[in-house]
Amino acid sequence: MPQVHVPSRYRVPTKGEGRIEVSASTVRACIEAVEARYPGFQELVFDAKGELHFFSKLFLNGELLDRNALDTPVSGDDIVAVLAPAAGG
């Protein structure tokens with residue numbers, strides 16, 4: 001099963017879970033599967049239009065995904081990793 005790796009700053013909705021196995025066939029469906037189990041997670045990753053938030057990044061097996069590649073297929077041992085935006089000054 002694919003896994004979604006959740007950065008620590010996004011783990012409030014996931015109750016501290018950092019690695020979540022999901023049954024999904026695309027990157028988008030992986031995020032939606034985490035949302036189904038942990039409501040509130042998806043709004044951290046996607047905006048109201050269902051697009052990736054401007055500063056968020058998604059990786060598939062360590063490779064940065066293009067913002068328009070949310071429907072990329074996943075299977076087996078694939079890992080979807082979310083990179084949370086950070087700001088400072």
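**Contacts around aspartate 78**

Contact here means that heavy atoms lie within 4.5 Å. In this predicted model, aspartate 78 touches Pro2, Gln3, Leu60, Asn61 and Pro73 when residues up to four places away in sequence are not counted. Aspartate 78 is placed in the loop between strand S4 (63-64) and strand S5 (79-83).

Aspartate 78 is buried but has no salt bridge. The nearest side chain of opposite charge belongs to arginine 19, which is 13 Å away. A polar contact at 2.8 Å does, however, join the side chain of aspartate 78 to the side chain of asparagine 61.

Five strands make up an open sheet with mixed pairing, in the order S2-S1-S5-S3-S4. Because S2 and S4 stand at the edges and have a single partner strand each, one side of each is left without a neighbour in the sheet. In general, the strands of a sheet pair through backbone hydrogen bonds, in either a parallel or an antiparallel manner.

Strand S1 (residues 3-5) runs parallel to S5, and three bridges join the two; valine 4 stands opposite valine 80 in S5. S3 and S5 run antiparallel and are joined by four bridges, with valine 82 in S5 as the bridge partner of leucine 58. Strand S3 (residues 57-60) also pairs with S4, in the antiparallel sense and over two bridges. Phenylalanine 59 stands opposite leucine 64 in S4.

Apart from neighbours within four places in sequence, leucine 83 is in contact with Ser56, Lys57 and Phe59. The C-alpha atoms of leucine 83 and valine 6 are separated by 7.8 Å, although these residues are 77 residues apart along the chain.

Threonine 26 is found in the loop between strand S2 (19-21) and helix H1 (27-37). Its relative accessibility is 17%, so threonine 26 counts as buried, the cut-off being under 20%. The side chain of threonine 26 reaches the backbone nitrogen of alanine 29 at 3.0 Å.

With neighbours within four places in sequence left aside, threonine 26 is in contact with Leu70, Asp71, Thr72, Pro73 and Val74.

**The salt bridge**

The count of salt bridges comes to one. Aspartate 71 and arginine 28 form a salt bridge, their closest N and O atoms being 3.4 Å apart. Since aspartate 71 lies in the loop between S4 and S5 and arginine 28 in helix H1, the pair ties together parts that are 43 residues apart in sequence.

Aspartate 71 has a relative accessible area of 52% and is exposed, while arginine 28, at 23%, is partly exposed. Aspartate 71 is also among the residues in contact with threonine 26.

Definitions and conventions
Residues are numbered from 1 along each chain as its sequence is written. This is a predicted model: local features need pLDDT of at least 70, side-chain atom pairs count only at pLDDT 80 or more; totals for chains, interfaces and linings use all residues. Side-chain values use heavy atoms; hydrogens and water are left out. Buried means under 20% relative accessible area, exposed over 50%, partly exposed in between (1.4 Å probe, protein chains only). A polar contact is a pair of N or O atoms within 3.5 Å; within protein, one must be able to donate a hydrogen and the other to accept it, and residues adjacent in sequence count only if both atoms are side-chain atoms. Lys and Arg count as positive and Asp and Glu as negative; His and the chain ends are not counted. A salt bridge is a side-chain nitrogen of Lys or Arg within 4 Å of a carboxyl oxygen of Asp or Glu. Two strands pair if DSSP finds at least two bridges between them.
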